[in-house]
Amino acid sequence: MECSDYKTTTISSLTASLINSSSSFSNIVSATTTSELSPRSILSNTPPSPPPQVILSPCAACKILRRRCVDKCVLAPYFPPTEPLKFTIAHRVFGASNIIKILQELPEEHRADAVNSMVYEANARIRDPIYGCAGAIFQLQKQISELQAEFAKAQAEILNLKCQNSNLLALVCMEVSEYQENSTSLLSSDHINDYGNNTSMCLEDNSVYAAWEPLWT
């Protein structure tokens with residue numbers, strides 16, 4: 001009887017220790033799960049959020065027009081905020097609606113050239129309100145015609161100088177040839193005169209000998 005009571009007491013004590021250990025284990029698990037699911041743990045385990053997008057300043061066109069500059073603004077690539085005067089000049093002559101309409105009708109590869117042309121024409125129109133860009137073109141054409149006339153005049157003068165140079169060379173050649181002919185003729189006449197003088201001297205000597213010959217006989 002005593003052995004059976006001892007066995008029952010030991011079994012009951014073991015079961016109680018097992019129950020206590022299981023409860024403590026469940027408490028540890030629950031504590032860890034609650035700690036893992038706490039807001040701090042969730043925030044610490046989540047990846048960092050990307051940095052906020054840098055909001056650029058509106059383009060010069062939207063800033064002057066006092067409107068909100070959207071992401072796909074047609075005017076933003078061609079009128080940056082650092083060049084407000086560019087849009088001011090174009091807007092003064094063409095107007096914002098016409099500029100937007102022209103850019104929308106053109107492909108993207110031609111829009112930059114169109115903006116530069118509009119700004120140039122607007123500057124010309126401000127300088128010359130009557131003729132505008134046509135007046136500048138007329139002045140340039142006038143300068144081209146004047147330069148072409150001066151170029152043709154210079155070419156004529158060069159041709160005239162070449163003709164004068166060729167004529168001078170021909171005269172020099174003629175004078176040189178005449179000088180050579182005169183020198184050769186003078187040399188030939190000198191030889192003839194020397195020969196005549198020598199023959200006359202020989203004849204005079206023969207006459208002298210003929211005069212003295214009777215005296216010796």
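Where is Arg66 found? The views below start there. This is a predicted model, in which local features need pLDDT of at least 70, side-chain atom pairs count only at pLDDT 80 or more, and totals for chains, interfaces and linings use all residues. Residues are numbered from 1 along each chain as its sequence is written, and side-chain values use heavy atoms, with hydrogens and water left out.

**View 1. Arg66 in its loop.** Arg66 is found in the loop between α3 and α4; helices are DSSP runs (H or I, at least four residues), numbered from the N terminus. The phi of Arg66 is near 60 degrees, a positive value in a residue other than glycine. Because its relative accessibility is 79%, Arg66 counts as exposed (over 50% relative accessible area; buried is under 20%, partly exposed in between, with a 1.4 Å probe and protein chains only).

**View 2. The largest nonpolar core.** Such a core is a set of buried Ala, Val, Leu, Ile, Met, Phe, Trp, Tyr and Cys residues joined through side-chain atoms within 4.5 Å. Here it has 17 residues, and Ala61, Leu75, Phe79, Phe87, Ile99, Leu103 and Val115 touch the most other members. Two or more residues come from each of α3 (60–65), α4 (84–93), α5 (96–105) and α6 (108–127). The most come from α5, which gives four.

**View 3. Around Leu75.** Leaving aside residues up to four places away in sequence, Leu75 touches Cys59, Ala61, Arg67, Phe87, Ile99, Ile100 and Leu103 (contact means heavy atoms within 4.5 Å).

**View 4. Cys62 and its nearest cysteine sulfur.** Counting pairs of cysteine sulfur atoms within 2.5 Å as disulfides, the total is zero. For Cys62, the nearest cysteine sulfur is that of Cys59, 3.5 Å away. Cys62 counts as buried because its relative accessibility is 1%.
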